[in-house]
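Student: I would like to learn how to read side-chain packing in a protein model. Could we go through it feature by feature?

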Amino acid sequence: GGGGLPPHAHPSPGNMGLGFTFSFDQASGYWIVRRLKEGGFAERSRQIFVGDSILRVGGNELRGVEDASRVMSWISGQEGTTVALELRGRDGQVRHVQGVRGGRAPPSAPAGSSPHRPSGF
């Protein structure tokens with residue numbers, strides 16, 4: 001543990017995050033959501049809140065991982081792709097959130113408004 005400011009986490013070019021900033025909390029060993037970006041996925045989903053502890057990202061346990069770039073590499077990815085998050089709110093409740101990278105929440109089209117096409121996976 002050296003002095004100095006912790007590095008700021010930035011997604012690499014072409015990669016999109018989930019619309020929030022976070023920082024490492026030495027006391028708990030967890031990454032904490034610090035700010036929601038306006039219009040980003042986190043804010044619009046209303047499932048991610050300032051003060052949440054990030055427990056897991058896509059199956060990766062975050063506790064004790066202090067490398068911001070590593071955490072950011074798990075959170076960020078191609079726009080429109082999804083990542084599973086496990087968060088613990090300040091009330092102690094654990095929530096599972098399916099995050100969509102790039103800020104735009106998936107369009108909630110009314111059922112039956114468009115013909116069903118097989119997905120391209």
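Student: How many aromatic pairs does the structure hold?

Tutor: Rings of Phe, Tyr and Trp (its six-membered ring) pair if their centres lie within 6.5 Å, and planes under 30 degrees apart count as stacked, over 60 as edge-to-face and the rest as tilted; the structure holds three such pairs. One of them joins Phe22 and Trp31, edge-to-face, at 5.4 Å centre to centre and with 80° between the planes. Ring pairs also link Phe20, Phe22, Phe24 and Trp31 into a cluster. This is a predicted model, in which local features need pLDDT of at least 70 and side-chain atom pairs count only at pLDDT 80 or more, while totals for chains, interfaces and linings use all residues. Residues are numbered from 1 along each chain as its sequence is written, and side-chain values use heavy atoms, with hydrogens and water left out.

Student: Are Phe22 and Trp31 buried or exposed?

Tutor: Buried means under 20% relative accessible area, exposed over 50%, and partly exposed in between (1.4 Å probe, protein chains only); both Phe22 and Trp31 are buried.

Student: Which residues touch the most other members of the largest nonpolar core?

Tutor: A nonpolar core is a set of buried Ala, Val, Leu, Ile, Met, Phe, Trp, Tyr and Cys residues joined through side-chain atoms within 4.5 Å. Here the largest has 23 residues, and those touching the most other members are Phe20, Phe22, Trp31, Ile48, Ile54, Val57 and Leu85.

Student: What does Ile54 touch?

Tutor: Contact means heavy atoms within 4.5 Å; leaving aside residues up to four places away in sequence, Ile54 touches Phe20, Phe22, Tyr30, Trp31, Val33, Leu62, Glu86 and Leu87.
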